[in-house]
Amino acid sequence: MKKNFNNEDRSEIVRKMVPISEDEISDLNKLLEGVDNAIELMSNLVQPFDKDIDVSKMSSTVDGENYD
Amino acid sequence: MIESPNLLSLTEQAKLFREGKLSAVDNVKSHLELINNLNPQLNSFITIDSKGALDQAELLDRSRNNGENLGPLSGAILGIKDSIPTKDITTTNNSRLLKNWKPKRDASVISRLREAGAIIIGKTNLNEFGWSRPSELDLSPPPWSPWNPNHMSVGSSSGSGAATSARMVSASIGTDGGGSARLPAGAHNLYGIKPTHGLVSRLGMDHNGHSEISPLSRTALDLALLLQSMSGFEPEDDMSWPEAVPEYVKNIDSDISGWKIGVPRNFIDSAPNEPEIIEAFEIFLNKLEALGCKLEDIDLRGMAEARAANFIVLNSESYQRHQKSLKLHWNDYGQITRIYLLQGAFIYANDMLNAAEIGRAFKNYFSKLLTDNEIKAIVTPTSPFATAERSRRPNEHSKGVNACYTAPFNISGHPSVSLPAGFGEAGIPIGMMLTGEIHDDTSLLQIAHAYDKETEWSDIMPKSF
């Protein structure tokens with residue numbers, strides 16, 4: 001799965017930002033699985049410079065998969 | 001004297017007021033009595049503005065007695081989601097951060113509602129900043145469902161849904177960034193429309209790209225009346241639609257026989273729908289056919305990617321809005337909310353731009369699908385889940401599965417209406433959703449009205465009251 005940051009990087013970044021507890025960091029990392037999932041779903045559609053998004057390649061299921 | 005006017009629809013209340021058969025003051029008192037009885041148990045309201053509502057009512061009664069012109073909502077009692085700024089009425093967003101904030105100006109939609117004669121009786125409960133899971137530790141504890149007070153109300157416009165279905169208000173105004181008005185409409189036996197993007201101006205609110213101010217009501221006609229009053233061009237709002245507002249109320253009666261409705265069965269079958277949702281869906285399809293609509297199976301694509309794109313935009317915008325306050329006032333945020341808000345810190349600008357591009361592609365694709373197939377609307381359940389608790393299971397909630405039907409049409413901007421369609425095992429209502437072409441909110445209201453006239457959902461009240 002494509003991830004913008006690994007969990008260790010995220011933890012380090014967020015500790016510098018706000019007075020967050022370790023339990024909260026754990027909760028945040030779990031939530032960010034949803035963000036990672038969303039970014040991966042979108043990345044399947046991104047095209048090279050000379051092409052537009054091919055709507056025929058868009059998914060047909062709730063999980064972003066295809067029946068065909 | 002009308003007994004219990006709060007049991008009548010908004011349209012009926014406004015009509016009786018215009019005819020001089022119901023005073024606005026009596027109508028406010030009737031609603032206040034119920035609020036005082038029910039709100040301690042249901043937590044539908046964060047702020048109740050008894051004095052303000054009675055003052056507005058007295059003015060309206062005087063205007064009517066003097067023969068002055070009355071707006072279409074005159075005498076109707078509204079609850080407003082506590083994320084929408086209301087002049088001189090505390091607007092907390094259910095956050096300790098804003099617990100004492102009294103806006104100096106109304107949001108533009110509130111000004112329009114007041115001009116139309118609506119009486120604002122209070123501010124309704126929500127998940128903190130509309131972007132979290134509710135918690136007993138919130139500034140105001142979560143609202144409970146009037147249909148089964150052992151279950152939480154579905155949000156984020158949860159208090160708006162609960163107050164409207166419990167007859168504490170004539171109708172309410174929520175917001176919908178991924179389903180936050182349609183989902184509670186469905187879970188409270190109500191009609192709720194997320195209007196076409198730009199139709200109702202968000203001037204005076206947070207500048208969320210795809211969150212729409214959305215009415216919730218007990219009848220489809222009430223919904224049309226509210227949308228008519230809320231809509232219109234705001235020159236200061238760069239996202240506001242500059243055209244004349246269609247006549248939703250005047251054109252609400254329409255022969256919908258022969259209208260083609262798309263049924264995306266493959267997509268619906270792939271969702272984790274609970275059995276009572278599917279059962280209600282099939283009954284709903286039968287009802288559409290009985291109304292003369294033609295059902296046509298369609299291959300609907302891109303719903304997952306569009307939901308993902310909307311999710312990325314919501315997360316990015318929420319973090320952008322709160323980035324400074326999170327650092328300065330960390331302990332004033334709810335413990336769940338502040339974690340939800342931090343998600344956007346880990347999204348690249350490139351992801352946000354990808355989301356915008358995918359949103360545009362899905363918008364064009366969906367409009368073409370409707371046009372090429374001469375489809376008036378597609379039909380889906382509003383939610384795959386029948387209770388708030390089930391829709392908030394952590395893994396599915398973090399992926400936005402509860403919004404799998406609703407969120408794609410936030411980023412696309414298409415109008416989408418939730419209609420009442422039965423009850424699940426827990427006694428919580430179930431909603432079905434119709435989504436149509438950009439700026440064809442009229443057809444959705446016409447279908448909803450035809451359905452409302454042929455069904456009895458509008459008359460069913462929560463048994464516990």
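A residue is called buried here if 20 or more other C-beta atoms lie within 10 Å of its own. With that in hand, here are some close-ups of this predicted model.

**View 1. Helix α12 of chain B and its buried residues.** Going along α12(B), you will find B:D351, B:N354, B:A355, B:I358, B:G359, B:A361, B:F362, B:K363, B:F366, B:L369 and B:L370 buried. Their packing partners come from both chains: α2 (22-43) of chain A, and α10 (303-328) and α15 (408-412) of chain B. The helix covers residues 349-372, and at 1.5 Å a residue its 24 residues should span 34 Å; the C-alpha atoms at its ends are 35 Å apart, which agrees. Just past α12(B), look for B:E374, where phi is positive at about 50°.

**View 2. Chain B as a whole.** Stepping back for a moment, chain B has 16 helices and 13 strands. Its C-alpha atoms fill a box of roughly 60 × 55 × 45 Å along the principal axes. For 465 residues, a compact globule would have a radius of gyration near 23 Å, and the 20 Å of chain B agrees with this. Buried residues make up 62% of the chain. Of the contacts in chain B with a separation of 6 or more, 78% are between residues 24 or more positions apart.

**View 3. Strand β2 of chain B and its two neighbours in pairing.** All five residues of β2(B), residues 77-81, are buried, so the strand is largely enclosed by the rest of the structure. B:I77, B:G79 and B:K81 point one way, while B:L78 and B:I80 point the other way. One pairing is with β3 (residues 119-124) of chain B, parallel and over five bridges. Within it, B:I80 has B:K123 as its bridge partner. Between β2(B) and β3(B) the chain passes through helix α4 (residues 108-115), making a right-handed β-α-β crossover. Another parallel pairing, over three bridges, joins β2(B) to β6 (residues 171-176) of chain B.

**View 4. Helix α7 of chain B, buried along its length.** Each of the 11 residues of α7(B), residues 220-230, is buried, so this helix is largely enclosed by the rest of the structure. Among them are B:A220, B:D222, B:Q228, B:S229 and B:M230. The buried residues of α7(B) pack against helices α1, α4 and α16 (441-454) and strands β6, β7 (191-194) and β8 (212-217), in chain B. Just after the helix comes B:G232, with a positive phi of about 145°.

**View 5. Where chain A touches chain B.** Here 33 residues of chain A are in contact with 39 residues of chain B. On the chain A side, α1 (7-17) and α2 are the elements that give two or more residues. The most come from α2(A), with 14 residues. Sorted by class, the side of chain A that touches chain B has 20 nonpolar, seven polar and six charged residues.

View 6. B:M1 counts as exposed because it has 7 C-beta neighbours inside 10 Å, where the cut-off for exposed is 12 or fewer. B:D26 lies 25 residues from B:M1 along the chain, and their C-alpha atoms are separated by 8.7 Å.

Methods: Residues are numbered from 1 along each chain as its sequence is written. Chains are lettered from A and ligands numbered from 1 in the order in which they are written. This is a predicted model: local features need pLDDT of at least 70, side-chain atom pairs count only at pLDDT 80 or more; totals for chains, interfaces and linings use all residues. Helices (H or I, at least four residues) and strands (E, at least two) are DSSP runs, numbered from the N terminus. The expected span of a helix is 1.5 Å times one less than its number of residues. Two residues are in contact if their C-beta atoms, placed from the backbone, lie within 7 Å. The radius of gyration is taken over C-alpha atoms; the globule rule is 2.2 Å times the number of residues to the power 0.38. Two strands pair if DSSP finds at least two bridges between them. A crossover is right-handed if, with the strands pointing away from the viewer, the path from the first strand over the helix to the second runs clockwise. Ala, Val, Leu, Ile, Met, Phe, Trp, Tyr, Cys and Pro count as nonpolar, Asp, Glu, Lys and Arg as charged, and the others, Gly among them, as polar.
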